[in-house]
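Hello,

Here is the structure I promised to pass on. My notes on it follow below.

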Amino acid sequence: MSREGSDIVAAVDGLRERIGWPGRYESHPLVTAAAILVAVTVISPLLWLGLRAAAVGPSEALSILTAPSTVQVFTNSLALVASVTALSVALGVPLAVLTVLTDLPFRRFWTVVLALPLVVPSYLGAFAFVSAFGPHGTLAELLSPLGVTIPTIYGFQGATLVLALFVYPYVFLTTRASLLSFDSKQLEAAQTLNHDFRSAFRRIVLPQIAPGVTAGALLVAFYALSDFGTPAIMHFDTFTRVIYVQYNNFGRGTASLLSIQLLAVTALVLFLESRFGSGTGSGYGGGVTKTDSTVTSLGWAKAPALLFCTAVVALTLVVPVAIFGMWLLRSGPGYAGGGFAFEWSFAINSVYVAAIAAAATGLAALPIAYVSARSNSPLARLLDRSTYVGYAVPGIVLGLALVFLGANYLPWLYQTLPLLVFAYVVRFLPQAVGATHSSVLQVDSELLGAARTLGETPQGAFRRVTLPLIAPGLVAGAALVFLTTMKELPATLILHPTGFTTLVTYIWRVQEAGYYGRAALPALVLVAVSALSMILLLRQEGDNA
Amino acid sequence: MDDDSSSYLRRRRFLATGAAALSGALAGCNGLPGGSSGGGGGDGSGTITLSSFRGSGPLVEGRASLSGTRIADLPDLSGELTVYLGGGEGGLYRELLSMFSQLYPDFTVRPREGGTAQLANTIIEEGENSPADVFWAVDAGSLGAVAEADMATTLSSDVVESVPQEFHPTDQWVGTAGRARSVPYNTNELSASDIPDTVMDFPDTPALQGAMGWAPTYGAFQAFVTAMRLIEGESATRQWLQSMLDSGVTEYPDEFLTSNAVADGEISAGFANHYYALRVRSARTDAPLDLAFTSGDAGALINVAGAAVIQGTDQQELAENFVRHLLTVEAQEFFATRTFAYPMIPGVPPVGGLPSIDELNPPSIDLQELSNVEPTLQLMRDVGVL
């Protein structure tokens, strides 16, 4: 091996060492116990699924699961998950590289606007796309005098496109986080050693950011698996659409069976990821130990890069905001609907419950992130992966499971905010775990050792050393949970306290009644409020950079 | 959240005096003006009159005089009631609830909204611990499911007697407004005579080839297929669904969008509940859109929104009195003129040039059986519609 080559390998090894490759520092037993407690608690509501499914006879169950339509739905779901994930990676990784490693003009601006699509609920995105690009949509009307017809937006392609456009930021953010915590001196070294950017990127950067990309891709994959609205609006049959139809027609047994099948798919994806993936997860977190980034000059590629960013932003932000704005200005169907009047308290309710959910999820994520970052034992990995189960369950399934448990066993909690918040914790825990995990990885255990040597108690060392170091990851994870809670619909609809209207339950109400125009203002408010928190989230990242 | 206005308190007071003044006159006489004059009786200003309940717009003109029980004939609503409010009309129904709260300062209603079937499922999962006092839903199937799970009490006969028998089959719930299946068609593309009289003939009608739209995931459509299954049998229904697919039917997410697509000429005709077309026409008076009805078959099904009092409520009396209020002339006029639904009491006619409810020829089936959707879904899945 050439001297340069071995240098690079040594550098990579050094980096792996530095980010705390698992196995060296195990967690305190109490922390492990807390992690197990959290994992068991968030999985427990799903036992209800088993109860419901058991009520379906075995032969009927078999016939439902092997029916041609079920097989079709199964194939559709897997195809959608694969295509959405692939497209999200294809969008998210290059955009992350552009905004972190290159001299793209206005990098700060692009970072913010490219992350923003995450705040647009994908079902609203889908509505906007159908309005804009569907048959008789705005674009079709504009183009038809010119004799131009556009390909249909409905079906597999449309569902893939819309989902990927509104969830790729998961990959974008986690990849950015990995790039930011990546020691760019390595890249600098490689480039001085006559490797061009592409080869240096492939050999140095890619292995380092792979865990981040994988973490983002997992979030995308499970989002695609559990999202109901987009496939429904795009006329594409997936598990969630069929489960939703079943639940809406008293086919609770069948719906539970299909949900269990969905969970089996989830388990399979997690298993495959752990076998062939990078082994260690990473998530969106602050790049705590990052040094000054080395900026690679884009050169002639500057214009195409800008064009790429502009196109993505046009599709993900300009189209929905323009369509909502148009709905807002255009007079809606004629009716005098005082019952539909928008109130600002809906926005306040949304922010309030999302903030509580963010804090609660952050706390619940802490022990699991700690254990999984400190150890690569099967238990630690199981704990980490178990958090994805609730994330992959459709919200309507989780909602009704909690109705059953709440009304019958915890009546004092039923239809209260704590139970709703619990549902959010179950749904969104992996987002917070991922983010916290990556910053725990960056805590140098020798620093903790030093604190202990200097007479700190374990608690004191945690408070004075660990907590400040992992705070950015915790905050980032909580912010991500805040954003996703703001736009969560099905569980909110089923579990909200009576009289507690949020932006999305209001949007659902008017949308369900066919008054799309009334959805415009709350949709814009939702996007604006979420955008503010996204900017805070990225500022957090910036402060650490 | 909604009962914010103290200025409405005066209206409540008027109604009390109005009721006293009317106590001599029997229901149905000139208690409240039924015409378009809009003025209240008695002291005039600041009163809730029939016109407060009535909608406005081009479809609501020249209303005939109405008859039936009036709000003033009923005991006051007083106390707190949790109403599970299912379905898309939620927002409009909510408005009626807030009008009641304005009329009765001692009456607080806590509406909880959700999808009809989702709320029915919720009530069934909640069992005897359900916080709901009343389930008010836009679909008889959901009401039937709640009744079959023994979660609905039997209503007193005086609550349900003004409504035709088929809209309160077991007295565990009572219809409050009707929703007729219909065929919205584009008048530029088709004329009424192009629409067959029986729904079973649709797939073989040349004018409708590749020109129809439907919303198979929509509850009302599934209720329609369930009715077809009950009337024509499984294999004929399967055959019909398959033939419709073969004839190139277009799928929409809901029936409002289906009706809109008909008005746009994207399709020539569709399957939809009748009020969606009225809503489109109310917004776009020049829309080339009209309604056809089939006769005596599933295509002519009249489903209802209805109300049930939930088993185990500690507000039985208030809940029943609330349901009585939904069947007053004022509330029925509200449903007719604001949601474009079919009124349930004979003294209030529908709007928009619709045939009256007795001119329609709905199939004779027990609406409650519409809750048995499972075999329908199986059928729809087998054929590939779902």
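Between domain 1 and domain 2 of chain B there are zero salt bridges (a side-chain nitrogen of Lys or Arg within 4 Å of a carboxyl oxygen of Asp or Glu). The count of residue pairs in polar contact between these domains is three, both residues at pLDDT 80 or more; a polar contact is a pair of N or O atoms within 3.5 Å, where within protein one must be able to donate a hydrogen and the other to accept it, and residues adjacent in sequence count only if both atoms are side-chain atoms.

On the side of domain 1 of chain B that touches domain 2 of chain B, twelve residues are nonpolar, four polar and one charged. Nonpolar means Ala, Val, Leu, Ile, Met, Phe, Trp, Tyr, Cys and Pro, charged means Asp, Glu, Lys and Arg, and the others, Gly among them, are polar.

The area buried between the two domains of chain B is about 1200 Å², and carbon and sulfur atoms give 61% of that. Buried area is the accessible area (1.4 Å probe) that two parts lose on being put together, summed over both.

As for the bounds, domain 1 of chain B covers 51–178 + 303–356 and domain 2 covers 179–301 + 372–383, from an automatic or database domain assignment. Their C-alpha centres lie 27 Å apart.

This is a predicted model, in which local features need pLDDT of at least 70, side-chain atom pairs count only at pLDDT 80 or more, and totals for chains, interfaces and linings use all residues. Residues are numbered from 1 along each chain as its sequence is written, chains are lettered from A and ligands numbered from 1 in the order in which they are written, and side-chain values use heavy atoms, with hydrogens and water left out.

Regards
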